[in-house]
Amino acid sequence: MVWTKRRQDYVTAGLFESGSFLRRCSREVDSRPVVFHLPAVTKDAELLIAGGGLTGLLLGIACASAGLAVTIVDPEDPSAMLRQGFDGRSSAIAYGSSQVLKALGLWPEIAAEAQPILEIRIADHESPQILHYDHRDLGNHAPLGYIVENRVLRRALIERARSLPSLDFSAPLAVRGVGTLCFGAVAALSDGRRVAARLVAAADGQASPLRRAAGIRTVEWRYRQTGIVTAVRHKRPHHGIAVEHFLPAGPFAILPMTGNRSSIVWTERAELARRLIALPDSAFAAEVAVRFGDFLGPIEPIGPRRAYPLALMLAQRYVAPRLVLVGEAAHLIHPIAGQGLNLGIRDVAALAELVIDTRRLGLDIGEERVLRRYEKWRRFDALVLAVVTDGLNRMFSNAIVPLRLVRDFGLAAVDHLPPLKRLLMRDAMGLVGDLPRLVRGEPL
Ligand SMILES: Cc1cc2nc3c(=O)[nH]c(=O)nc-3n(C[C@H](O)[C@H](O)[C@H](O)COP(=O)(O)OP(=O)(O)OC[C@H]3O[C@@H](n4cnc5c(N)ncnc54)[C@H](O)[C@@H]3O)c2cc1C
C-alpha cells in the first residue's frame, strides 16, 4: 500500500467524522500543507482484527458486544475450522478464562461440553511423590478449570460473531499489509479491498505476518520436543481428575473430557514423535497405553492424532503505532501447564476493557497512551509464564538423578505447605494479579 507523507510531525482531526474515513488529511506545518493521498478505502471499522482464531474471535466479540464497529478477517474457511478433525485439540480453560466466557454470555453454548477439572495430580516418572490440587481446598467449590474441545469453543465463538450486528467476520480473507497514519490505519485485504480502522489488532498467530511487518523483534527458541495430541476412550470414569505425568522426554498430560474420554498432550523428543505419529493404529495405541497406565481400565485411541513442534517466543514490544499484538502473535509458551490460550484470553480481557473505556470517554482507541497501558498490563504475565514453563520443562524433562531429587523435594514441599499450594492453585486458575473486569466475571 502506498501513500505519500511529506512530514513526520503531523496531527489531524475529524477524519472519522460521521463514520466516514476522509481521503485527504492536511494541516499547516511550517505554513505548508501536508497532504496524504490515501488509496480508495472500501470499508470503515473502529477495530480491525487480523486473525479469527480463538483470541481474535473473542476480542471481536468482547468489543462488538459493547457497540464497537469491528471487522475480523482470517484466511481459513470457517466451515473447515468447525470440522471435527480441524486441530484435534482440547484446551484447559482456567477458571478465570471461563469467567470471561461467562461475562460475555458465551458459556451456555459451551457448558454442556465442558468437563470441570476437580483435581490435578502431578507425578514425577517413577517417584511415589505426588502433588495433589483439589478444588475443595479453595473453599468455594468452583472447579479449577474446564477441558473443552477447541472445536466447541470455535463453534460458540463463530456463531456469536455472526450474530453481532456491529461485527463483520470476513473469511476466508487475509490481511496483506497495514499502513498507518496519525489518525488510523488502512489494511489491504487479499481480495483487494481496503479497510480503515482506528486500531489494528494482530491476532494472527505465532508467525504473525503483521508483527513481522511492523518490525517487532522477538526472543525465541525451539524446543527439541513435539507435542503429540490425541484422545482416548476408557472403561472407568475419570471423576474430573487431570493427571500430569512427567516422563524423561517431557510431560504426558491426561485431561478429562466429557464422558469416559480423555485428551492427551504427550511431549516427546522431536525425532521419536515423527516416527510415533506415522505408526499404524495398533502400534500407536500400544505406545499410548504404555505411558497412560491402567488406572482408567482399558483404553482405545479415538479421533485424530496431531503433532505440534514446540517453541518459546516473546515479542519485545506488544504495540506499534495503531497496532497491538494479541495471543500467540505476542507470546508462545510450552504447553506444559496448558496456559497459552489462557494468556491470550487475559490479553483480550485487558485490551477490550481499555478500548471500551477509552471509547466511552469519546477518545481515540488507537492512541499511543492506550496501547502503552495495554503493553504494560500484559507483558509481565506472559514473561512470568514463559520463564516458569521453560524452567519446569528443563527441570522435569530428564532422568538426571540429582535433579530428580530436587524436583521431588519441590513437589513434596508444595504439597505440604497449604498456603503456598493454595496460591499456586489460584495462579493456575488465572486469578492472581491485576485482573481485568471480564476475568472477575464483571461486564465490560
Ligand atoms: C499441543 C498444545 C496444547 C495446548 N494446550 C493448551 C491448553 O490446554 N490450554 C491453553 O490455554 N492453551 C493451550 N495451548 C495453546 C493454545 O492452543 C494457543 O495459545 C491458542 O490456540 C492460540 O490462539 P491464537 O488465536 O492466538 O492463535 P491461532 O490459533 O494461531 O490463530 C491465528 C489465526 O490468524 C490467522 N492468520 C494468519 N495470518 C493471517 C493474516 N495475514 N490475516 C488474517 N489472519 C491471519 C490464522 O489463519 C489463524 O486462524 C496448547 C498449544 C499446543 C501446541
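The model is predicted, so a few ground rules apply: local features need pLDDT of at least 70, side-chain atom pairs count only at pLDDT 80 or more, and totals for chains, interfaces and linings use all residues. Residues are numbered from 1 along each chain as its sequence is written, and side-chain values use heavy atoms, with hydrogens and water left out.

Let's start with the three-stranded open sheet, whose order is β7-β11-β8 with antiparallel pairing. Strands here are DSSP runs of E with at least two residues, helices are runs of H or I with at least four, and both are numbered from the N terminus; two strands pair if DSSP finds at least two bridges between them. The edges are taken by β7 and β8 (114-117), each pairing on one side only. From one strand to the next, the twist averages 25° (axes are lines fitted to C-alpha atoms, for helices over the stretch in contact, and angles between N-to-C directions run from 0 to 180 degrees). Five bridges connect β7 with β11 (residues 145-149), and Ala94 has Gly145 as its bridge partner there. On the β8 side, four bridges join β8 to β11, with Ala114 opposite Val148. Four of the five residues of β7 (residues 90-94) are buried, so the strand is largely enclosed by the rest of the structure; buried means under 20% relative accessible area, exposed over 50%, and partly exposed in between, with a 1.4 Å probe and protein chains only.

Across β7 and β11 lies helix α3 (residues 95-103), running at about 90° to β7. Seven of its nine residues are buried, so α3 too is largely enclosed. Its buried residues include Tyr95, Gln99 and Leu101, and among the elements covering them are α1 (54-65), α5 (150-163) and α9 (340-360). After the helix comes Gly105, with a positive phi near 75°.

Next, look at Asp74, in the loop between β6 (70-73) and α2 (78-81). Asp74 is buried yet has no salt bridge, and the nearest side chain of opposite charge, Arg154, is 8.5 Å away. (A salt bridge needs a side-chain nitrogen of Lys or Arg within 4 Å of a carboxyl oxygen of Asp or Glu; Lys and Arg count as positive, Asp and Glu as negative, and His and the chain ends are not counted.) What the Asp74 side chain does reach is the backbone nitrogen of Glu76, at 2.8 Å, and a polar atom of that side chain lies 2.5 Å from the backbone nitrogen of Gly52.

The other sheet is also open, with eight strands in the order β10-β9-β17-β18-β19-β16-β20-β23 and mixed pairing. Because β10 (130-134) and β23 (331-332) each have a single partner strand, one side of each is left without a neighbour in the sheet. Within it, nine bridges join the antiparallel strands β16 (residues 218-234) and β19 (residues 261-269), and Gly227 stands opposite Thr267.

Finally, the whole structure holds 28 salt bridges. One of them joins Asp364 and Arg198 at 3.7 Å, N to O; these two are 166 residues apart, in the loop between α9 and α10 (368-396) and in β15 (residues 194-202) respectively. Asp381 and Arg346 meet at 2.8 Å, linking α10 with α9, and both residues are buried.

Note on methods: Contact = heavy atoms within 4.5 Å. Polar contact = N/O pair within 3.5 Å; in protein donor to acceptor, adjacent residues only side chain to side chain.
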